[in-house]
Amino acid sequence: MQFSFTDEQQEFRSVLRRFLDEKSPPTVVRRLMETESGWDRAAWHDLNQQLGLTAVHIPEEYGGQGFGPVELGIVLEEMGRALLCAPYFSSTVLAATAIMHAASPAQKRALLPGIAAGDTIATLAFTEPNGRWDSAGIATTATRDGAAYRLDGTKSFVLDGHTADQIVVLARRPGSSGNDGLSFFTVAGDAPGLSRRALKTMDATRKLALLEFRSVEAELLGEEGAGAEPFARTMQLAAVGLANEMVGGAEKLRESALDYANLRVQFGRSIASFQSMKHKQADMLVDVELAKSAAYAAASAAAENDPELPALASLAKACAAETYMQTAIHTIQIHGGIGFTWDNDTHLWFKRAKSSEVFLGDPTYHRELMMQAWNV
Amino acid sequence: MSEQTEASVRAEVRAWLEANWSPEYGLVEWRNKLIDSGWGVPSWPKQWFGRELPMALERVVEEEMQRVGAVSVAKTGIRRLAAATLLVHGTDAQKERFLRRSLTGEDTWCQLFSEPGSGSDLAGATTRAEFKGNRWVINGQKVWTTSAHHADWGLLLARTDWDLPKHQGLTYFVLNMHQPGVQVHPLRQMNGHASFNQVFFTDAEVPPENMVNEIGRGWAVATTTLMHERRGADGIGRWGQSSDRKGRIYDEERAENATVMEPYKWYPQRAGRVDLIVQRAKETGRNTDPVVRQEIAKLLTLSKTAEWTALRARAAQMQGRPQGPEGSLGKLISSHVARAAARVHTLISGADAMLTGEDAPMNGLIAEILVSVPAGSIAGGTDEIQRNIISERVLGMPKEPRTDNDRPFRDVPKNLVA
């Protein structure tokens with residue numbers, strides 16, 4: 001396992017940080033989060049034209065840059081830090097990864113270059129209104145109809161589901177259950193029979209949608225009934241990615257709390273000189289550094305196809321989620337009254353911490369997955 | 001300027017070991033040979049037994065020594081601290097007298113810093129050193145002194161001036177432990193072991209040539225010792241591991257370790273023994289309880305991330321990058337791990353956690369964990385002091401206003417017990 005970044009990776013991170021500081025300041029985040037789509041197509045093109053971020057972990061033969069999970073982790077950490085409003089997690093992390101694992105080579109050639117270029121916005125629809133993150137929660141059916149399939153069911157909590165051009169859907173053979181009979185499909189965002197509705201999300205920087213499929217014609221990705229393994233692998237990489245995104249946000253919060261403590265004067269002295277503040281800041285640093293270690297170790301495990309990946313992905317997801325939320329709570333506390341106002345930016349990260357804590361499964365769920373992976 | 005690379009150092013030390021190493025040497029005989037070669041303390045100055053290798057290359061030498069099973073110079077415990085401190089602050093005469101015999105292990109040491117009245121506030125020491133006639137006369141009491149009962153020499157921090165502010169009135173001495181004015185009593189801990197001592201001085205004597213650095217410079221010297229102590233705090237598991245190989249020198253090394261390591265035999269339990277958790281959960285069947293599973297998972301997460309954070313710090317150090325925050329957190333994190341482990345061991349053991357000795361799980365080992373863990377967050381800098389250090393040195397936060405730095409030490413409020 002790799003415990004440090006190369007000089008190139010460090011440089012990549014600092015370029016990215018400067019870029020995102022400029023493109024995604026809180027004023028821009030606040031403007032975009034008020035829109036229904038939650039992102040801006042012109043700014044999105046800008047982002048991809050200049051840095052090619054959507055292509056980062058997609059293989060070169062499919063129009064990508066051919067980097068791996070470590071570089072993807074760096075991108076996500078920086079995006080989490082900047083609270084970037086863009087359909088990156090949905091398209092590059094969830095949809096592209098599912099396609100990479102599930103689709104045939106010909107389908108990858110057809111689907112991935114558009115996502116890699118940022119021209120196609122895709123997403124992955126797997127969770128349903130029951131809110132389960134595992135395959136047992138999938139009730140949407142795919143019925144064979146000649147060469148194509150017809151999808152029936154409801155998907156919920158679909159990231160950018162109301163704006164995506166292309167939707168990768170996880171569905172099952174009628175009558176199957178658990179890991180059996182699962183397959184991935186693709187559907188155009190405007191396919192007949194598909195109705196989409198944006199959900200009102202507490203975290204306005206992360207848009208979710210409800211998708212209803214009524215006999216929607218869909219293309220099968222890869223082999224019918226072989227979706228369980230690609231789904232598991234997609235979820236593992238997504239958990240690693242989200243963990244990295246979360247530690248970026250947590251570190252940003254920690255720094256903003258420190259900046260504020262250094263500015264604020266009460267009882268005739270900087271509040272940063274009170275041990276109650278100093279000890280809290282020290283604890284926050286410990287939490288964030290431990291979570292970074294988890295996120296980096298999991299990304300490294302994913303890059304090396306380490307057999308420990310299933311356990312480490314869940315470990316990192318659970319650890320980063322708890323740290324992000326705890327750091328957000330401390331940051332509001334350190335800000336005092338101002339931290340509870342809408343005008344102060346802390347709540348933007350607080351809400352992202354809350355949605356990330358639950359998205360892809362909460363810490364309790366992931367700790368149980370980790371224990372199972374370790375045969376405890 | 002030498003152009004030393006990892007490969008050149010590796011080749012050189014390997015060749016030297018091939019030509020010189022044999023397990024049939026006596027321990028002191030071999031260490032003298034090693035010291036003469038410069039491979040014993042390769043990062044030290046050439047004038048004092050070293051080769052001026054960068055710290056990062058010292059690891060290469062260690063690896064090559066371990067590869068052939070060569071015994072190193074005496075590094076265990078306080079001897080390393082004494083040697084490192086005297087190397088920086090000692091006179092040439094002190095270096096001549098003490099360095100070699102510390103590295104061979106012939107001289108053993110203890111650290112006479114903490115006092116009943118000054119723990120975290122080490123600079124508040126009240127043990128007095130007064131110059132009378134031709135010698136320093138020492139009176140007072142030290143505590144938490146590991147190995148004092150078999151040490152030849154003590155590193156003593158004592159007050160020589162009560163009219164100066166606290167840090168300026170301290171002086172550092174090397175004190176001969178074998179004299180009538182020094183009395184050593186073991187201190188029994190809540191876990192039943194007695195790893196530390198109380199040391200009483202009644203007109204103990206130090207000749208003037210055993211003062212280290214100058215009068216009033218004691219705090220600076222002590223800081224050097226403490227810095228080396230903190231750096232080595234996570235190394236207790238590594239040093240003192242005896243080889244099970246055959247040969248005269250290994251027998252002697254094992255005997256040395258048996259004495260030196262005796263006070264530390266409960267230290268693995270102090271760290272929480274996370275390594276036993278899964279086995280214990282399976283044996284007791286507690287691994288089927290979903291609540292216990294969650295608690296075990298949290299503990300394993302903490303323990304793993306602690307390990308990775310230390311590895312990140314080490315990797316950055318190897319690459320010659322400036323130390324990031326991850327390097328300063330280890331002591332505090334290890335307290336968290338230990339406390340969490342004690343809690344989960346209790347959860348797994350259930351009612352058996354009330355027992356000790358042969359009636360308790362693992363012949364009392366689990367009980368020893370439960371009553372040893374509280375030491376970790378106190379010894380070597382309490383968690384609270386660690387948080388102060390992290391917030392001030394890593395995060396750059398201001399110090400709390402102080403009332404003890406700007407006045408004669410005799411006017412500073414002190415503990416009534418001392």
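Chain B is divided into domain 1 (6-73 + 236-260), domain 2 (79-231) and domain 3 (266-380), with bounds that come from an automatic or database domain assignment. This is a predicted model, where local features need pLDDT of at least 70 and side-chain atom pairs count only at pLDDT 80 or more, while totals for chains, interfaces and linings use all residues. Residues are numbered from 1 along each chain as its sequence is written, and chains are lettered from A and ligands numbered from 1 in the order in which they are written. Here is a tour, topic by topic.

**Domains**

- In chain B, the centres of domain 1 and domain 3, taken over C-alpha atoms, are separated by 32 Å.
- Chain A is split into domain 1 (7-120), domain 2 (123-225) and domain 3 (229-373).
- Between domain 2 of chain A and domain 3 of chain A, the C-alpha centres lie 30 Å apart.
- That contact takes 10 residues from domain 2 of chain A and 10 residues from domain 3 of chain A; two residues are in contact if their C-beta atoms, placed from the backbone, lie within 7 Å.
- On the domain 2 side of this contact in chain A there are five nonpolar, three polar and two charged residues. Ala, Val, Leu, Ile, Met, Phe, Trp, Tyr, Cys and Pro count as nonpolar, Asp, Glu, Lys and Arg as charged, and the others, Gly among them, as polar.

**Where chain A meets chain B**

- Across the interface, 28 residues of chain A are in contact with 35 residues of chain B.
- Strand S9 (269-270), helix H8 (275-303), helix H9 (309-335) and helix H11 (363-373) of chain A each supply at least two residues of the side that touches chain B. Helices (H or I, at least four residues) and strands (E, at least two) are DSSP runs, numbered from the N terminus.
- H8(A) gives the largest share of that side, 12 residues.
- By class, the side of chain A that touches chain B has 15 nonpolar, eight polar and five charged residues.

**The H8(A) and H9(A) pair**

- H8(A) and H9(A) pack at an angle of about 155 degrees with their axes 8 Å apart; axes are lines fitted to C-alpha atoms, for helices over the stretch in contact, and angles run from 0 to 180 degrees between N-to-C directions.
- That makes H8(A) roughly antiparallel to H9(A), a word used for angles over 145 degrees.
- Their contact has 19 nonpolar, four polar and two charged residues.

**Around H11(A)**

- What covers the buried residues of H11(A) includes helix H7 (228-263) and H9 of chain A, together with helix H10 (290-318) of chain B.
- Just after H11(A), A:Asn375 takes a positive phi of about 55 degrees.
- Among the buried residues of H11(A) are A:Pro363, A:His366 and A:Arg367; a residue is buried if 20 or more other C-beta atoms, placed from the backbone, lie within 10 Å of its own.

Note on methods
Buried ≥ 20, exposed ≤ 12 C-beta atoms within 10 Å, placed from the backbone. Parallel < 35°, antiparallel > 145°, perpendicular 65-115°, else oblique.
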